[in-house]
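Hi there,

Here is the structure I promised to pass on.

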Amino acid sequence: MKKKLTVLLAIAVMSMSSVYAAEAQGPISRWLDNVTGSVAQKEQKAHQKSVKRQQKLAAKKKAREEKLAKKKAKAKQKQLERQKKAQEQKNKVQKKRNLIKELFSTDD
């Protein structure tokens with residue numbers, strides 16, 4: 001029991017002293033800051049590049065989708081125009097048929 005208590009007390013003292021040691025600017029902590037700082041900068045630059053790349057890809061995808069939507073709308077408009085012309089032609093033919101029927105029909 002005494003050993004466990006002693007170990008716990010030693011751990012508590014070490015953990016408290018490590019906080020104070022980390023706050024102090026010694027040569028080792030400065031070296032660690034320099035090393036980790038450059039790594040952090042590299043990671044940040046890489047992240048910024050990937051974000052820019054993703055934004056460019058998203059912009060390209062959006063432009064492509066807009067272009068495709070315009071193309072589909074144009075095709076649909078042409079289809080409607082063709083249908084309208086076909087209906088007009090059909091109506092003209094039907095009118096002419098009716099006129100011919102009336103002309104040649106004999107109403108007795």
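Helices here are DSSP runs of H or I with at least four residues, strands are E runs of at least two, and both are numbered from the N terminus. On that basis, the secondary structure of the protein chain comes to 2 helices and 0 strands. Please keep in mind that this is a predicted model.

The chain has 108 residues, and 1% of them count as buried.

The nonpolar one is made up of Ile28, Trp31, Leu32, Val35 and Val39, which together have about 490 Å² of accessible area. Trp31 sits in helix α2. Is Trp31 buried or exposed? Its relative accessibility is 54%, and since exposed means over 50%, Trp31 counts as exposed.

The other patch is positive, and Lys52, Lys56, Lys60, Lys61 and Arg64 form it. Lys52 belongs to helix α2, which covers residues 27-104. With a relative accessible area of 54%, Lys52 is exposed as well.

Best wishes

Note on methods
Residues are numbered from 1 along each chain as its sequence is written. This is a predicted model: local features need pLDDT of at least 70, side-chain atom pairs count only at pLDDT 80 or more; totals for chains, interfaces and linings use all residues. Side-chain values use heavy atoms; hydrogens and water are left out. Patches are made of residues with over 30% relative accessible area and no salt bridge: like charges are joined within 9 Å, nonpolar side chains (Val, Leu, Ile, Met, Phe, Trp, Tyr) within 5 Å. Accessible areas come from the Shrake-Rupley method with a 1.4 Å probe; for residues, only the protein chains shown count as cover. A salt bridge is a side-chain nitrogen of Lys or Arg within 4 Å of a carboxyl oxygen of Asp or Glu. Lys and Arg count as positive and Asp and Glu as negative; His and the chain ends are not counted. The place of a charge is taken as NZ of Lys, CZ of Arg, CG of Asp or CD of Glu. Buried means under 20% relative accessible area, exposed over 50%, partly exposed in between (1.4 Å probe, protein chains only).
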